[in-house]
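Here is a briefing on one protein model. Keep the structure open while reading.

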Amino acid sequence: MTSPAYTVTGTITDKTGEPLPGVTVRIRRKPKKSAISDVDGNFTQPDVHDNEILLASYLGFKTVKILLADGRERYDIKMEANSSVLDEVVVVGYAVQKKVDLTGAISSIGSDALKDRPLTNATNALAGLASGLSVSNSGGNTPGFESQSILVRGQGTLNNSAPLVVVDGMTGIALSDINPQDIENISVLKDAASSAIYGSRAANGVILVTTRQGAEESPRVTYSGNVSFETVAKRLNLVTDYADFMEIQNAGLIANGQAPRFSQGKIDEWRNDAGRNPTIYPNTDWQDHIYRNPSVVQNHNLSVTGGSKSVRYNISLGYVNNPGMIYYTDYKRYQLRTNLDVTIKPWLTVGTNLFGYIDENNPSSENAAAGGDVIFGSGAFNTVPGMTLYDPATGLYGGIQNPEEENVSNFNPYRRQWFYDTDYPTKTKRSVIKLYAMLQPLKGLTVKGSFSYNYWERNMEHHLTDRDLYRFTFDGPVLIREGVVRTYIRRYNYRNTFRSSELTANYSFNVSRLEASVLAGMSQEYNKYDQDYFIKYDLVDPSLGAIDAGTTNGNITGNYNEWAMRSYFGRVNLNWDDKYLLEANLRADGSSKFAPGKRWGYFPSVSAAWRISEEDFMHGTASWLDQLKIRASYGSLGNNETTSYYMYQSLFATANYILNGNIAGGLAQTVLANPELTWEKTYMTNLGIDYAFLNSRLSGSVDIYNKNTKGILISLPAPLEHGTSTVPNQNAGEVNNKGFEFDIHWNDRIGKVSYDLGFNMGFVTNKVTKFQGDVSSISGVYKTQEGKPINQLYVITVDRIVRDQADLDYVQSLVDRNPDYFATYQRPELGDFLYRDANGDGKLDTADRVEIGHGTLPRLTYGGSLGIRWNNFDFSMLLQGVGNHQVYYNNQAFRFVTVMGQSLNKDITDNAWTPENPYNSKYPVLRNSSNGKNNIASDAFVHNAAYLRCKNIQLGYTIPQEITRKFFVENFKVYASIDNLFTITDFPGLDPEIGATVGYPSVRQYSVGLNISF
């Protein structure tokens, strides 16, 4: 019989007798029966019964368990600091391990690092959270088209360097696909020992994601949501005074000896109007027209978690509504995840992971992404301040107001933004299902089998639109361009199907002081990607959406590719007396991408660790040393993500032949075969130390590593006898990465205030050790050569700006010594760059280019965190940055020429050389683009993109339970946060993180949100 209910009270203190506020006190398996200790450490827990277990838990302290008995109503609880923070469980390949038992280099990121942040993309959240993990924005945050890239320990190959992402044991899912609020833990496997169990795709590291699972407790309903107000983090400083703009353009022409474009009469018209008639005499900043101010983003999540001994479940729903910082980039996402475990028998458990989402993008969204032309290319930068883009009084769109101006009306960004009919959104769907069963037929033996099916589809449909454009006069608007286009329906369909099956057996046993486990498994994967495209022109009626509405056939294309892989793997873990740890892994992968005799790759690894702190001779340090472990590992990993087609087979394309004077269709070889192609392999050595001091208040790790990637697929020079067919790649390249990582954490309390500090950093440098001998590969301003970093900058250097007659005399002396000194590059005049004869051969040519920097990726990355809790308040801050990093930045936003019909950067025009400002100028004279002598690739465009950024700062308050329980609410937290609050950098571009890439702007988010649990 259940005992009568009664109320338990008490006081909670630490070992010094200091009261502990904010401790959670609850009844086991009954989360609704919980309380929080007050500022004096007192708690009250009503409605308890004998034989129930009372739990007291607090960050940084060991959880206390008390069996309630004999109707006792008073318990004074003394909590001990958790002296074994490193004993936390970490997810590794196909298993979990205690952190103290790890022999490899693994970083773990908990859900606390992600919660209460206005995240719609999990990739964005990882920057600064783990050493050796580099997250960069490679071109913008267009909703639904985010282009973040992740690297683990730098770029180790000339091909795909992305890490393998595994979600709940399933591959083929992008990190950006996952609802950040569903994530329980992220483990980053960085060395060969920890990654080798994944073999062929682990050469670039592995990111393991575990989502929230069900629990043996009564149902708990949780709502988390936030509303964010986004603004552009940094705007360009443009010349928006059109009179000044015309004068600068004239000066650029005159500097070339050309006639000025704009009459003084037109310049005076704009200047005399002084902004009184902004529609007729505009001074437009296009940034005021394409950016929302602010963009209001909604993010809502609802989950139900609970279960019993036999059934455990977690169900979550997510909704994102992001209208986009740029107009016509609106985006919506609907998400569902269900994790279910059912224990049928004590020895049999079955379960499923269901996951899916549906996205809707504005069909014009991709135009605002990297490579699109809403801003650059044919977009807003191709406009001038003398354009009225939109007249709110008439609702009409405009073009150039000055007949003397370049005719750039077509580039009105309102046309580029609204490119396609919004009634046909781009739709993306993903459906993932995993079914599994787990058997435990014998003590210590666990057999698990699973099957996963992952389907992705994107459908794009474009119906071209346009707008009428007008010139506005005092007599009314005048049509200058009719918005008539050739109608069409264009469709793109993309599909990807991935399925995999796995079978693993794990046996754990103890013999004397030896703890051991043996894992064996096999897996098989299949992937197929196909796409098709078709277009029909001249619709019978533009309102018709059926493909048959088109009367003229256009292009029709389609293709698919597929691959399969079979794998066998195993692992042995040995632990002797909690002091000496050994792990060995072996994986064999067979890939259909290689010829039958070259398909199999074998990837072994071994790692060992010594827990010195557990030795008898270290017992004297027990009062201050909690953990000291030395780790070492060596292993090999593979990479088959080097090609999208079967290079061991020849490729053919349709071609026409002349046979007997007649044209006959046939095939022609376009790519030669290389049946000797095989795996790209990485060999890595890692040495590390894990430590914890002072009751684990101070903890961290240090790692150094050496990583060699061999057999990289590259294209080597071939004799002309091979003809016009493309020469196949060969396993001929090698790259070396060396680096170190450092993590340190401190957590403590002062009175009623608990706090934690964290810092991590990673440094990596790469070098191409084998490529094409003395032959380099030069692509634009980037050079790859043996003995140098990948994609090192390769540009000419600036000696000086020719500022006065003394500099002109020096230029003349160079010509006197060698009349052909300027045969390759133009001779400078006043205000021009004089380039440096870097090799000292007495002439200026392309041989004077020099190598600058260490490639396109930063070598040093770092992150820091701060957390403070006092009573029911909590505060956190996350900082992230990169060290010295040279970036080439030369585009429409930053150049040393003027271009007719295009915007001007005021930071450059105000600091360019002029006869009136010969000595304080930073930049050369601005010539019209018909003479680009000052705009050639040089170190004048090389900038340090180092930065320190406040990724997130947050303040939250949890309402006391004695208040919330009156409304049947167990937990109620409100918070405010700011993302990208500030960035400290000398980089002149929009965002040092994206460097020279341009597209969707970096945004600053001001958010308010709440978390409620019932």
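Residues 24 or more positions apart make up 70% of the protein's contacts with a separation of 6 or more; contact means heavy atoms within 4.5 Å. This is a predicted model, in which local features need pLDDT of at least 70, side-chain atom pairs count only at pLDDT 80 or more, and totals for chains, interfaces and linings use all residues. Residues are numbered from 1 along each chain as its sequence is written, and side-chain values use heavy atoms, with hydrogens and water left out.

**Overall build**

- The protein holds 9 helices and 54 strands. Both are DSSP runs numbered from the N terminus: helices are H or I of at least four residues, strands E of at least two.
- The C-alpha trace spans about 100 × 70 × 70 Å along its principal axes.
- Of the 1014 residues, 51% are buried. Buried means under 20% relative accessible area, exposed over 50%, and partly exposed in between, with a 1.4 Å probe and protein chains only.
- The accessible surface is about 43400 Å², with 54% of it belonging to carbon and sulfur atoms. Areas come from the Shrake-Rupley method with a 1.4 Å probe; for residues, only the protein chains shown count as cover.

**Nonpolar cores**

- A nonpolar core is a set of buried Ala, Val, Leu, Ile, Met, Phe, Trp, Tyr and Cys residues joined through side-chain atoms within 4.5 Å.
- The largest core has 73 residues; Trp 286, Tyr 291, Ile 375, Phe 822 and Phe 896 touch the most other members.
- Elements giving two or more residues to this core include α3 (242-255), α4 (264-273), α7 (805-817) and β47 (886-888). The most come from α3, with 5 residues.
- Beyond its neighbours within four places in sequence, Trp 286 contacts residues including Leu 236, Tyr 291, Ile 375, Phe 381 and Ser 903.
- A further core of 29 residues lies apart from it; Ala 122, Ala 127, Ala 130 and Val 209 are among them.

**Helix α4**

- Lys 266, Ile 267, Trp 270 and Asp 273 are the buried residues of α4. They fall within an arc of 140° seen down the helix axis, so they line one face. The arc is that of the directions from the helix axis to the C-beta atoms.
- These buried residues pack against α3.

**Strand pairing**

- Two strands pair if DSSP finds at least two bridges between them.
- Strands β38 (residues 753-770) and β45 (residues 860-870) run antiparallel, joined by 11 bridges. Here Met 761 stands opposite Tyr 862 in β45.
- β45 also pairs with β46 (residues 873-882), antiparallel, over 10 bridges. Ile 868 has Phe 875 in β46 as its bridge partner.
- The hairpin of β45 and β46 has 2 residues between the strands, and Asn 871 takes a positive phi near 50°.
- An open sheet of 3 strands runs in the order β4-β1-β7, with mixed pairing. Its edges are β4 (42-48) and β7 (77-78); each has a single partner strand, so one side of each lacks a neighbour in the sheet.
- Between β1 (residues 6-13) and β4 there are 5 bridges, and the two run antiparallel. Gly 10 stands opposite Phe 43 in β4.
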